[in-house]
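Here is a short tour of a metal site and of a boundary between domains. Please keep the structure open as you read.

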Amino acid sequence: MSKFNILVVEDEDAIREMLTMVLQQADFAVQSAPDVKQAQKILEESSPDLLLLDWMLPVTSGVEWARRLKNNPDHRDVPIILLTARGEEEDKVKGLEIGADDYVTKPFSPKELVARIRAVLRRSGRMHDLAQIVLDGLVLDTEQHRLSIDGRQLTVSPTEFRLMQFFMTHPDKVYSRSQLLDQVWGRSIYIEERTVDVHIRRLRKVLAEHGREDLVQTVRGFGYRFSMRE
Ligand code: CA
């Protein structure tokens, strides 16, 4: 499998180097630039699979460049994840309105960033050959529909597999039962929210057989979270 090529655009050296290291460790090929001018050159020369773009850049901001790219037929299909220190909902809406594919707020965990990149690549259709999602000994193979922990196979139903796939690409965030129903079961059919609890319970039971029931956590009064944090 050839590596996916990520272009990182970030003016702060330390963050750019950290991002490069994190992405290389996750088996991506990485190119980087401190500003839009240099990034544009790399984009033309090597057509990266995804842009990881800092919102605040000197001269031309990341959000402005993203807007231009999404209006350019030659480049609009390149997925863009905006990276920002801002956490305000308004900025998020603005970022997504101009056509960014996702939005990650600093500070973020490397695991979350890598999971979001994989999710965006998968959604963009570049991804069918990224069949495996790997997190800390946990391997989810979307082609063979197999889930394993430390090389040991887990027996899960198709629904529990999809639930796990959603969780592994959206770690460290809390989802309500109704959000999980939308994301995992789809909106087209009516299913009671209790159904989510039933499948979570079964999934936990399987994980517990491998000592990893901690992966799926109940957040009282809201829903569930998948997290690998201690
Ligand atoms: Ca910056």
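A residue counts as buried under 20% relative accessible area, as exposed over 50%, and as partly exposed in between (1.4 Å probe, protein chains only). By that rule aspartate 54 is buried, with a relative accessible area of 3%. This is a predicted model, in which local features need pLDDT of at least 70 and side-chain atom pairs count only at pLDDT 80 or more, while totals for chains, interfaces and linings use all residues. Residues are numbered from 1 along each chain as its sequence is written, and side-chain values use heavy atoms, leaving out hydrogens and water.

Let us begin with the metal. Asp11 (OD), Asp54 (OD) and Met56 (O) coordinate the calcium ion at 2.1 to 2.4 Å. Donors here are N, O and S atoms within 2.8 Å of the metal (3.2 Å for Na, K and Ca); water is not among the atoms, so the site may look incomplete. Along the sequence, the donor residues follow the spacing D-x42-D-x1-M.

Now to the domains, whose bounds come from an automatic or database domain assignment.

| Domain | Residues |
|---|---|
| domain 1 | 5-123 |
| domain 2 | 132-226 |

The contact (heavy atoms within 4.5 Å) takes 8 residues from domain 1 and 10 residues from domain 2. Taken over C-alpha atoms, the two domain centres are 28 Å apart.

Across this interface the rule finds 1 salt bridge, meaning a side-chain nitrogen of Lys or Arg within 4 Å of a carboxyl oxygen of Asp or Glu. Lysine 173 and glutamate 112 meet through their side chains in a salt bridge at 2.6 Å, N to O.
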